[in-house]
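Please open the model in your viewer and keep the selection panel at hand. The stops below are meant to be taken in order.

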Amino acid sequence: MLDIKNIQTFYGKIQALRDVSIKVNSGEIVSLIGANGAGKSTLLMTVSGINKPREGVIIFEGKNIEKEEPHKIVKLGISQSPEGRRIFSKLTVEENLKLGSNIYENGRNYLNDIKEIFELFPVLSDRKTQRGGTLSGGEQQMLAIGRALMARPKMLLLDEPSLGIAPKLVNQIFVAIKNINKEKKVTIFLVEQNAKKALELADRAYVLVNGKVTIQGTGQELLKNQDIQAAYLEGGG
Ligand SMILES: Nc1ncnc2c1ncn2[C@@H]1O[C@H](COP(=O)(O)OP(=O)(O)OP(=O)(O)O)[C@@H](O)[C@H]1O
Ligand SMILES: [Mg+2]
């Protein structure tokens, strides 16, 4: 479904991605783990068209997208929940969700889509008239995921959904991600520093070190891999 081939991305002279190749098949949950600064966010930004790679190609459902504009990529079916959530703090929960559907010009019935998001994250329904900025970190993360889903993506890109969130809410969010994949049939490409959770959830996973893919395999294989255990899983991961 998504075929990332030999991507090289730079910030000025600094090379953030080195010959990265990753595949995500339709229906899968694929996780990308790696330390701070490994290039995980850069890769998601490159897929969503915000960063342009210097070399390499990205093929989504048979179409080259590495030179496409971000809004076109959303229309093709890829939607991102960014690192740090980036919700609009002065807008209400409902208004934030509505913005996620604006990519479609012809005023489609977004109310039904919002209803589905509220079923997925009932706490957002209780808070629907509350301003985004007053939500807890975990609630904001749910809102960011909900807003990305409002574009009705075929593939959802998630950048560190567990970052800075209380463990109880982290569990809820991972249950929701599984649900989005299994029930809503949305393919998931997940970036995480929480390696344990990300590998447990993943059908397949990749490890990124200094902009390079070093290890790949099924989630279960990577959980058992001793190098990964030493680097990412010991001490609670
Ligand atoms: N806008 C930018 N300008 C210059 N360098 C950048 C920019 N964004 C990221 N970088 C650099 O690119 C490298 C990869 O950063 P990136 O944000 O992709 O890492 P990451 O794996 O997402 O890290 P984290 O886990 O901390 O979010 C880092 O060395 C970072 O300093
Ligand atoms: Mg990042």
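This is a predicted model: local features need pLDDT of at least 70, side-chain atom pairs count only at pLDDT 80 or more; totals for chains, interfaces and linings use all residues.

Residues are numbered from 1 along each chain as its sequence is written, chains are lettered from A and ligands numbered from 1 in the order in which they are written, and side-chain values use heavy atoms, with hydrogens and water left out.

**Stop 1: ligand 1**

Select ligand 1 together with its shell of 13 residues, of which N36, G37, K40, S41 and T42 are the closest; a residue belongs to the shell if one of its heavy atoms lies within 4 Å of the ligand. By class, the shell holds 4 nonpolar, 6 polar and 3 charged residues. Here Ala, Val, Leu, Ile, Met, Phe, Trp, Tyr, Cys and Pro count as nonpolar, Asp, Glu, Lys and Arg as charged, and the others, Gly among them, as polar. Helix α1 (residues 40-47) supplies the largest share of the shell, 3 residues. Helices (H or I, at least four residues) and strands (E, at least two) are DSSP runs numbered from the N terminus.

Next, display the distances to the oxygen atoms of the ligand. A backbone N or O atom of G39 is 2.9 Å from an oxygen atom of ligand 1.

**Stop 2: the magnesium ion**

Which residues coordinate the magnesium ion, ligand 2? They are S41 (OG) and E83 (OE), at 2.0 Å. Donors are N, O and S atoms within 2.8 Å of the metal (3.2 Å for Na, K and Ca), and the site may look incomplete because water is not among the atoms. S41 belongs to helix α1 and E83 to the loop between β6 (78-81) and α3 (93-100), so the pair ties together parts that are 42 residues apart in sequence. S41 is partly exposed, at 21% relative accessible area, and E83 is likewise partly exposed, at 31%. Buried means under 20% relative accessible area, exposed over 50%, and partly exposed in between (1.4 Å probe, protein chains only).

**Stop 3: helix α4**

Select residues 110-120, helix α4, where D113, I114, I117, F118 and L120 are buried. These residues cover an arc of only 155° around the axis, which puts them on the same side of α4; the arc is that of the directions from the helix axis to the C-beta atoms.

**Stop 4: two positive phi angles**

Most residues other than glycine have a negative phi. R85, in the loop between β6 and α3, has a positive phi near 75° and is buried, with a relative accessible area of 17%. N210, in the loop between β9 (204-209) and β10 (212-218), has a positive phi of about 45° and is exposed, at 61%.

**Stop 5**

Select N51 in the loop between α1 and β4 (55-60); N51 is buried, at 15% relative accessibility. Its side chain makes a polar contact with the side chain of Y11 (3.0 Å). A polar contact is a pair of N or O atoms within 3.5 Å; within protein, one must be able to donate a hydrogen and the other to accept it, and residues adjacent in sequence count only if both atoms are side-chain atoms.

Finally, select Y206 in strand β9, which is buried, at 3%. Y206 and S31 are 175 residues apart in sequence, yet their C-alpha atoms are 6.4 Å apart in space.
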